[in-house]
Amino acid sequence: MHLQRRQRFLEAMAPDAVAILFGAKLATRSADTHYPFRQDSDFFYLTGFTQPNAIAVLRTDGGPAFTLFVEPRVEAEEIWTGNRPGVDGAKCDFGADEAHPMGEFSDALPKLIAATKTLYYVPGRNKAVDAHLVQINEQQRLRSRAGGRPTEAQMDPRAILHEMRLFKDAEEVDTMRRAASITFEAHRQTARLAKGGAYEYELSAQLDYEFRRRGAAGPAYESIVGGGANATILHYINNDQALCDGDLLLIDAGCELAGYASDVTRTYPIGGSFQGAKRDLYEIVLRAQQAAIQAAKPGGGLEQIHSAALEQLVSGLVGLNILKGSIPELIEKEAYKPYYMHKTSHWLGLDVHDVGAYTINGEARKLEEGMVFTVEPGLYIPAMAEEVPPHFRGIGVRIEDDLLVTPDGIENLTGAIPTQTDEVEAWVRDS
Ligand SMILES: [Mn+2]
């Protein structure tokens, strides 16, 4: 799988080119402790290598097509941090044609790029290598009478990689389906805890537990567990307040499985029944989400999905007298922005806000087989929104699913997680 991806990447590279890609490093959490390691998504996509501090070199200049520089095996260090593939593992287990210890990269670099016309490289990741590349090129320029040849062009490898990553292959789709089903179970087991007096962190911990015990690495992003007005804070992650019966609870949480994210939001009625203004707003967002999913089709675009959601959100807000005026005009003037300030969709994959261009030559791109994206309309009425009738203030609702474009339509990967009010209520009441 990684071999095929490297072959496609090599085919997309210019001739006589060298690509240098950095893996992620350990990030300091405090003093001498680190955050859990998470490989750079591009690096993982091409290599499958999950250890910190590695460099991949891919070449179309006749040199070895795939070289890895990795942390070598050192018994005294591995006692503390665990076994490493090392140089031999890089070849045997990860398919490198050549592998070397990281410590040799700097000395190897001048020779690696001596004959290349095009260098694929992302500057800014490693200052020492950035500076070294400038120095090597200047030296090559000074040596031009003796045959020195500076690199002619520097390209961004992400232009190729991110276009590849946008289209999920069968194995990636399978992983994302499994991530969706773990997220289903985690939401189900957590919805039952949405009772007055429970603390948001208890539900957040339940999500973590359900993700981990089912084999996921954990949440794909900081879980948002926001009761009451906390649901109106888009990236609320404090998750430390008590829940109140009758309020809504917004849970935006999805697991990361084998590198791939799921991204699901549901809004649950704390105590088990949608009431009054909360039900009114929930039903508007539900209609918007259904209309948006209906609008999703191969050959269509994310803009149409967003428009379908907006149409329902705005007409719902007019119906509740929160907005006043003609619907097309309110949409045109973006009068909904105080209550719906984000877009309806983003790509999903190895990154939760996944890579891939949203426009091509200024035009919105068309949906094609293998793309995965979210549909997540919401309404957020700030607690301080004095222009809105008081009973609507401090209510936040979002409903989010993950959609896959198939050869003949759209598959809702997370559609089994209920959104209809009676089914959502049943999940909360289930004890
Ligand atoms: Mn999302």
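A word on the basis first. The model is predicted, so local features need pLDDT of at least 70 and side-chain atom pairs count only at pLDDT 80 or more, while totals for chains, interfaces and linings use all residues. Residues are numbered from 1 along each chain as its sequence is written, and side-chain values use heavy atoms, with hydrogens and water left out.

Let me begin with the chain. There are 13 helices and 21 strands, where helices (H or I, at least four residues) and strands (E, at least two) are DSSP runs numbered from the N terminus. The C-alpha trace spans about 80 × 50 × 40 Å along its principal axes. Of the 431 residues in the chain, 52% are buried, and here buried means under 20% relative accessible area, exposed over 50%, and partly exposed in between, with a 1.4 Å probe and protein chains only. If we take contacts, meaning heavy atoms within 4.5 Å, between residues at least 6 apart in sequence, then 69% of them join residues at least 24 apart.

Now please look at the metal site. Which residues coordinate the manganese ion? They are Asp263 through OD, His346 through NE2, Glu376 through OE and Glu400 through OE, at 2.0 to 2.4 Å. Donors here are N, O and S atoms within 2.8 Å of the metal (3.2 Å for Na, K and Ca), and water is not among the atoms, so sites may look incomplete. Along the sequence, the spacing of these donor residues reads D-x82-H-x29-E-x23-E. Glu376 sits in the loop between β17 (372–375) and β18 (378–381), and Glu400 in the loop between β19 (395–398) and β20 (401–406), so this pair ties together parts that are 24 residues apart in sequence. Glu376 and Glu400 are both buried.

Because Arg5 belongs to helix α1 (residues 2–12) and Glu172 to helix α8 (residues 170–191), the pair ties together parts that are 167 residues apart in sequence. Arg5 is buried at 3% relative accessibility, and Glu172 is buried as well, at 2%.

A further salt bridge links Glu163 and Arg365, at 2.6 Å from N to O. Glu163 lies in helix α7 (residues 158–166) and Arg365 in the loop between β16 (363–364) and β17, so parts 202 residues apart in sequence are tied together. Glu163 is partly exposed at 32% relative accessibility, whereas Arg365 is buried at 6%.

Glu334 and Lys337 also form a salt bridge, with their closest N and O atoms 3.2 Å apart.

I will finish with Pro382, in the loop between β18 and β19. Is Pro382 buried or partly exposed? With 30% relative accessibility, Pro382 counts as partly exposed. Apart from its neighbours within four places in sequence, Pro382 is in contact with Pro338, Tyr339, Arg393 and Gly394. Between the C-alpha atoms of Pro382 and Leu257, which are 125 residues apart along the chain, the separation is 34 Å.

Technical notes: A salt bridge is a side-chain nitrogen of Lys or Arg within 4 Å of a carboxyl oxygen of Asp or Glu.
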